[in-house]
Amino acid sequence: MQQQPQAQPSPSPKPKKKIRVPRVVNGVEQMVEIEVDADAGPGWGPNDKHKLLNHRMTRVDGPLKVSGAARYTYDQRLPGMLYARILRSPHAHARVTKIDLEAASKIPGVKGIIPAPLMEVRFAGAPVAAVAATTPEIADDAVRAIKVSYEVLPHVVHAHMAIRPDAPKVIAEENNLQEKGKNGDPEKAEAAFANADAIVEGEYITQRIHHACLETHGMVVDYRGGDSATIYASTQGTFTIPADAAKELELPESAVTASVEHMGGGFGSKFGIGLEGFLACRLSKQTKSPVKLMFTRYDEFVMAGNRSGSWQKLKAGVKNDGTIVAMKATQYRLGGLGPGSQAGQPYIYRMGDTYREVYALHTNEDSSVAMRAPGHPQASFAVESLVDELAYKIKMDPVAFRKKNLRDEVYHRQLERGAQEIGWSRRNPVAGGNPGPLKRGMGCAIGIWGGGGNDQCKVAVTISRDGSVLVAVGTQDLGTGTRTYTRAIVAEELGLTIKDVKERIGNSKLGAANPSGGSTTAASLSPSVKDAAIKARMLVAERVAPLLGNPKPEEVVFADGKVSAKGQSLTWQQAAAALPAAGITSHGEWRADLQARGVHGVCFAEVEVDVETGHVKPIKMVHIQDGGLPLNRLTMESQINGGMIQSLGMTLWEGRVMDAQLGMMLNPGFGDYKLPGSLEMPEMVPIIDDDDKREAVIGIAEGCIIPAGGALANAVFNATGVRVRELPITPDKILMGLMNTTVLSRG
Amino acid sequence: MTKSRDDREAQKQTDHDPGRRRFLKGVGIVGAGAAIADHLWIEAEAEQEAKTQQPLSGNVKVVLDVNGQQREAQVEPRTTLLNTLRNHLDPAVTGPKLVCDMGTCGACTVLLDGKPVYSCLVLAVDATNKKITTVEGLGTPENPNAVQAAFVENDALMCGFCTPGFVTTISAYLKKNPNPSLAEVREACKGNFCRCGTYPRVFEAALAAAKGSQA
């Protein structure tokens with residue numbers, strides 16, 4: 001935090017070049033052009049020559065987290081703090097005509113109430129009032145005591161009903177169906193179907209699923225009516241908090257500090273202060289007390305956002321040699337009140353002449369928000385199912401068929417590796433062809449993501465005369481291992497161990513950092529950390545040069561806790577003692593050459609389906625992921641596992657269930673919303689693709705959640721001969737499918 | 001309260017657990033409904049007992065034995081043990097996490113006389129005269145127990161919000177079964193949810209901790 005300006009290596013004007021980088025706004029990447037140094041400086045070196053990076057490092061915050069000592073936003077408790085709760089509309093579409101606060105305000109312990117303006121609510125769960133009380137229990141009482149009158153309006157919550165011309169309008173002045181773009185030549189694509197030997201046409205549907213962050217959305221607003229405030233937020237963007245909070249508290253932005261020590265999961269849903277933040281700030285301002293507003297689990301399901309659903313009508317034609325010649329797609333993004341997201345078809349594949357039209361189809365549901373690889377798992381499931389169907393149709397091996405229609409050699413390599421790991425040769429090429437009621441099958445799919453960084457991170461490395469090293473930047477660790485690699489980069493550069501460096505993150509008074517969305521954190525942060533570490537090393541080298549026979553700074557070697565040159569050596573402590581009394585601080589900037597963009601992933605899955613019950617048991621999953629320089633192999637594997645598991649949940653179990661009549665969610669809790677659990681876990685094999693020799697950091701979190709859905713669905717087909725085109729793949733759909741196939745009669 | 005609904009043996013034990021019966025008398029807490037639906041006959045028994053006892057109301061003083069220390073708080077009778085630990089003890093005990101508040105996720109797991117329970121389904125007034133052990137009582141960052149050390153070593157955590165629950169559950173389970181199979185570990189963890197996707201490494205950590213303790 002105390003950053004001393006220090007003499008930096010001479011800032012002579014450097015040649016510049018322009019590049020395009022991703023910036024994350026509300027969890028979604030937008031490409032912007034920036035200027036960077038053309039000639040940047042020392043690189044990472046070969047991926048297999050690192051002392052700490054690309055090794056298996058345990059998390060530096062692990063000991064705190066396993067012992068309950070890590071302090072999360074939800075764990076903040078301040079003197080005089082009030083607990084807030086939100087009252088929500090039970091109607092999917094209504095006009096609020098009256099809010100009676102009298103009874104609620106008389107309850108002892110209730111300190112503040114904020115009614116919403118009398119307005120139209122457009123989804124069940126929309127906030128109508130918020131209260132703050134001395135305990136959460138009293139806040140619950142107060143919410144129950146508020147009386148609201150509604151004029152109920154017609155609603156629609158299911159896409160197939162919302163698309164009808166006579167459907168109730170979600171927003172009075174707009175059509176439920178909004179065109180979002182067309183791409184390609186429809187007539188050319190239609191004509192190309194004439195060249196196909198086989199055609200597959202299908203409708204693919206993915207459900208709306210929930211982030212289900214275990215730490216719900218929310219914050220503690222510590223404002224007592226003075227001239228400054230601190231916001232403890234559960235957020236993916238430390239720096240997305242102060243501006244909005246300051247506006248609401250009527251303070252200058254610089255008077256508001258955001259703090260994010262540890263946070264319990266975001267997956268794309270936690271950017272900005274959100275509506276809950278505005279309410280918490282207003283309650284804090286009204287009561288002149290710190291206010292904690294954390295969503296209840298119900299709140300989290302009905303208002304914290306979700307992954308948009310999709311409805312995709314696809315048609316593709318293929319030649320008998322395996323070449324896909326044409327594809328047409330109609331894609332509906334099902335984002336409730338929001339626009340939703342969906343990657344354009346045919347996604348990664350080459351399909352000859354293609355045409356797509358994309359629409360947003362609105363319903364009376366809360367808006368979807370970004371979720372890990374926004375729009376990609378939806379598109380991937382549909383196109384990977386389609387590709388699989390085409391392969392079976394012309395009796396070609398699905399792996400060979402994919403290779404035929406993918407130009408990028410990386411996928412070829414990864415498909416071969418995956419086939420070997422899962423034991424593809426054991427697979428019965430005849431779908432549903434295995435004997436007995438427990439049928440095994442295998443499938444595969446591929447994914448793509450950017451994962452590049454941008455220039456938002458400013459990192460400070462401070463070395464004190466006692467040898468202590470501190471790396472400071474305001475970024476946040478979502479459980480991705482940010483703290484660990486931040487330390488490791490500095491330790492490696494200075495020839496120290498990871499224990500010799502301390503990190504300070506998660507505070508908006510520290511150096512700026514980008515919000516963690518779109519897998520941009522590692523590729524934005526680590527180049528800035530590396531740059532700061534290199535500059536710190538040079539500052540130390542200059543200082544100790546007289547003690548080592550005056551070598552040039554770049555000739556001084558930092559390794560194994562020693563600082564050496566010209567055959568002489570100092571311990572780290574001796575070297576640090578040569579620094580000025582205040583120590584040294586270096587400031588790191590982002591360097592484009594230390595990161596890259598573009599990752600590939602391939603997933604293979606094996607399942608066992610009980611054709612008497614329709615139950616799907618995942619047996620084994622393999623995911624191969626490239627990502628340039630793996631900063632930490634241990635945590636990268638954990639992230640790959642996490643991607644597979646979240647995708648598994650989406651494919652087999654999870655899904656929001658909406659009641660058409662009531663317009664409300666029927667399963668807003670973990671008792672009814674089926675998350676993946678310990679009993680369902682297959683054998684999981686996370687593989688880092690070390691054939692990727694790029695000496696650059698690239699984010700991988702999104703990449704590894706994309707392909708598993710298609711791989712699992714295709715495995716189910718291989719096992720049973722049933723093509724389930726709608727997620728989740730529940731037993732009823734498999735049994736219905738079996739009724740329409742000849743598998744049982746053959747079996 | 002016992003997390004395994006299918007575990008007949010455990011269920012038999014809880015039938016004689018006064019905490020369970022008295023909990024079901026508690027009014028107004030979210031999640032009681034599901035438990036009652038499963039155990040209607042217990043409810044009837046509880047009602048019978050209720051006629052012979054004075055109801056508690058207003059703020060009551062509770063003295064809790066938390067990690068070997070006597071801790072006092074003033075709470076309403078409806079206040080859960082979880083909320084008492086987190087919101088009423090000073091300093092707070094925040095290792096157990098509030099995630100679902102209705103007995104479905106396991107993040108608030110604590111040990112009551114050595115047995116894992118969801119502390120969001122226990123009333124503080126029912127937890128007096130019992131030894132309460134939270135994840136903080138199992139080990140510290142500097143002195144972790146075998147399970148905590150194995151979680152760090154095997155990277156059995158990401159965001160870490162479910163971790164205290166898993167650590168507590170597994171620590172208790174390994175006392176009962178020091179040499180479990182993978183299948184038994186999965187079974188032991190089935191009352192705990194993780195969203196980041198750490199399960200495979202949670203299993204590895206549990207098996208490693210068991211192996212380490214035996215050596």
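Reader: What makes strand 16 of chain A largely enclosed by the rest of the structure?

Author: In this predicted model, a residue is called buried if 20 or more other C-beta atoms lie within 10 Å of its own. Ten of the eleven residues of strand 16 (residues 324–334) of chain A are buried, so the strand is largely enclosed by the rest of the structure.

Reader: How do you know that strand 15 and strand 16 of chain A pair, and in which direction do they run, parallel or antiparallel?

Author: Two strands pair if DSSP finds at least two bridges between them. Ten bridges join strand 15 (residues 309–318) of chain A to strand 16 of chain A, and the two run antiparallel. Within this arrangement, A:Gln312 stands opposite A:Gln331 of strand 16. The hairpin of these strands has five residues between them, and A:Gly322 takes a positive phi near 100° there.

Reader: How do you know that strand 16 of chain A pairs with strand 17 of chain A?

Author: The requirement is at least two bridges, and eight join strand 16 of chain A to strand 17 (residues 353–361) of chain A. These strands run parallel. A:Met327 has A:Thr354, in strand 17 of chain A, as its bridge partner.

Reader: Why is helix 5 of chain B called largely enclosed?

Author: The cut-off is again 20 or more other C-beta atoms within 10 Å. Eight of the eight residues of helix 5 (residues 81–88) of chain B are buried, so the helix is largely enclosed by the rest of the structure. Among them are B:Leu81, B:Asn83, B:Arg86 and B:His88. For chain B as a whole, 53% of the 215 residues count as buried.

Reader: Which elements do the buried residues of helix 5 of chain B pack against?

Author: They pack against helix 3 (136–145) of chain A, together with strand 1 (60–66) and strand 2 (69–75) of chain B.

Reader: What makes a residue of chain B count as in contact with chain A, and how many residues of chain B are in contact with chain A?

Author: Two residues are in contact if their C-beta atoms lie within 7 Å. By that criterion, 50 residues of chain B are in contact with 47 residues of chain A. Helix 5, helix 6 (135–138), helix 7 (146–153), helix 8 (163–176) and helix 10 (199–214) of chain B each supply at least two residues of the side that touches chain A. The largest share, four residues, comes from helix 7 of chain B. The residues of this side of chain B divide into 25 nonpolar, 14 polar and eleven charged.

Conventions. Residues are numbered from 1 along each chain as its sequence is written. Chains are lettered from A and ligands numbered from 1 in the order in which they are written. This is a predicted model: local features need pLDDT of at least 70, side-chain atom pairs count only at pLDDT 80 or more; totals for chains, interfaces and linings use all residues. A residue is buried if 20 or more other C-beta atoms lie within 10 Å of its own, exposed if 12 or fewer, and partly exposed in between; C-beta atoms are placed from the backbone. Ala, Val, Leu, Ile, Met, Phe, Trp, Tyr, Cys and Pro count as nonpolar, Asp, Glu, Lys and Arg as charged, and the others, Gly among them, as polar.
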